Amino acid sequence: MTPRPAFANCHSHAFHRALRGRAHTGRTFWGWRDGMYAVAGVLDPDLYFRLARATYAEMACAGIGAVGEFHYLHHGPGGRRYADPHAMAEAVIAAAREAGLRICLLDACYLRAGFAGEELASAQLRFAHADAASWAQDVRELAARHAGDPAVVVGAAIHSVRAVDEASLALVAGALPEAPLHVHVSEQPAENDACLAATGRTPVGLLADAGVWTSRTTAVHATHLTAADVGILGRAAGWACFCPTTEAELADGIGPSVALRDAGARITLGSDSNTVIDTFAEARGLAMHERLASGDRQGWDAAGLWRAATSDGAASLGFGDLGGFDLAESVRTAGATEPIWAATAADVVPPPELDPQWVRAELRSVVDEVWGRL
Ligand SMILES: [Zn+2]
């Protein structure tokens with residue numbers, strides 16, 4: 001067995017785990033999103049806690065030491081606030097604690113359905129605040145609750161340029177001025193098209209004008225970028241989080257990871273929809289997608305992939321050292337001197353406090369419970 005540094009999983013939506021292997025509807029991202037909204041619609045704090053705890057336990061068994069949870073499922077059905085307005089955030093924080101993960105809870109501001117003033121769908125009512133000021137008040141209160149806890153960072157997120165209007169961006173970006181700030185950006189061409197039509201700028205350009213890109217900001221996905229967008233993100237010297245298994249599964253496209261890295265951005269990795277929880281697969285996906293798009297096999301080397309998967313990822317979430325895990329030799333890794341090209345999550349020795357049989361049974365039970373409510 002070989003000790004390895006623990007992975008940082010920088011972009012997760014824990015509840016999407018319930019969709020794995022169950023819902024293949026939707027020809028595009030937008031059709032898939034309808035199924036995701038249906039799952040969001042049936043979760044309450046108790047079920048959310050169980051689903052997130054089992055999902056995070058799967059992550060811990062896969063060698064992940066910290067998760068960046070991009071959290072927008074704030075309120076009860078119809079958008080009613082819970083008695084504790086942070087009941088859903090506290091559910092995922094408690095879930096991470098029980099699974100033995102550090103968590104960066106990235107509380108996402110979500111104000112609207114799109115540029116054209118489309119009506120919020122019923123699931124989206126659970127995500128939304130009336131305005132950026134009320135979201136900011138909530139996130140500051142949540143951050144104050146967890147200040148000083150070495151296992152919990154509260155960060156801010158802009159859900160997307162669809163969900164937050166231009167006039168609100170600076171307030172959201174500045175709500176927690178020292179904390180990590182994450183934003184979904186240019187995952188889909190349709191987002192770029194709508195943003196260009198409404199504002200005359202790309203999403204990255206629009207966010208740049210609002211002062212969003214700094215060295216504490218992570219651009220999540222960054223798939224469909226112009227050369228100017230790459231320059232903006234590189235000069236900001238922040239982070240770009242790639243989620244290769246999700247981006248492939250959702251037919252998003254292939255982002256310019258090497259161009260971003262060479263321009264000055266640091267690349268991190270996330271499991272996003274949790275259709276796969278395997279940071280080895282994400283790391284190889286990063287390298288292989290780049291090869292497929294470029295015809296060049298040299299874009300990523302093993303050291304660069306490890307850095308993205310571990311130290312750069314941890315720093316983007318506000319964490320330092322994440323500890324480590326043991327990697328077992330298996331039929332996959334035997335003979336390989338560099339396991340990043342060979343191992344899978346199944347080759348990670350689970351932490352002794354987690355029983356993989358319990359994790360498996362709990363995942364099946366809680367996913368069945370979710371689907372029983374649909
Ligand atoms: Zn996401």
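A charge counts as sitting over a ring if NZ of Lys or CZ of Arg is within 6 Å of the ring centre and within 35 degrees of the ring normal. In this predicted model, the charged end of Arg266 meets that description over the ring of Trp239, 3.6 Å from its centre.

**Charges over rings**
- Besides the case of Arg266 and Trp239, the charged end of Arg112 sits over the ring of Phe115, at 4.8 Å from the ring centre.

**Aromatic pairs**
- A pair of aromatic rings is described by the distance of the centres and the angle of the planes.
- Rings pair if their centres lie within 6.5 Å, and by this rule the count comes to 12 aromatic pairs.
- One of them is the edge-to-face pair of Phe7 and Phe280, with 5.1 Å from centre to centre and 90 degrees between the planes.
- Phe7 belongs to strand β2 (residues 7–12) and Phe280 to helix α12 (residues 279–294), so this pair ties together parts that are 273 residues apart in sequence.
- Phe7 and Phe280 are both buried.
- Phe29 and Trp32 form a tilted pair, because their ring centres are 5.7 Å apart and their planes stand at 40 degrees.
- Phe29 and Trp32 lie three residues apart in helix α1 (residues 29–42), so about one helical turn separates them.
- An α-helix has 3.6 residues a turn, so residues three or four places apart point the same way.
- Buried means under 20% relative accessible area; Phe29, at 8% relative accessibility, therefore counts as buried, and so does Trp32 at 12%.
- A cluster linked by ring pairs consists of Phe15, Tyr37, Tyr48, Tyr72, Tyr110 and Phe127.

**Glu282 in helix α12**
- Glu282 is placed in helix α12, the helix that also holds Phe280.
- Glu282 is buried but has no salt bridge.
- The side chains of Glu282 and Thr245 are joined by a polar contact of 2.6 Å.
- Leaving aside residues up to four places away in sequence, Glu282 touches Cys243, Pro244, Thr245, Leu269, Gly270, Ser271 and Val276.

**Helix α9**
- Within helix α9 (residues 227–236), the buried residues are Asp229, Val230, Gly231, Leu233, Gly234 and Ala236.
- The cover over these buried residues includes α8 (203–209), β7 (217–221) and α11 (257–263).

Notes
Residues numbered from 1 in each chain as written. Predicted model: local features only at pLDDT ≥ 70, side-chain atom pairs only at ≥ 80, totals over all residues. Heavy atoms only, no water. Phe/Tyr/Trp six-rings, centres within 6.5 Å; stacked < 30°, edge-to-face > 60°. Helix = DSSP H or I, 4+ residues; strand = E, 2+ residues; numbered from the N terminus. Buried < 20%, exposed > 50% of the residue type's maximum accessible area, 1.4 Å probe, protein only. Lys, Arg positive; Asp, Glu negative; His and termini not counted. Salt bridge = Lys/Arg side-chain N within 4 Å of Asp/Glu carboxyl O. Polar contact = N/O pair within 3.5 Å; in protein donor to acceptor, adjacent residues only side chain to side chain. Contact = heavy atoms within 4.5 Å.
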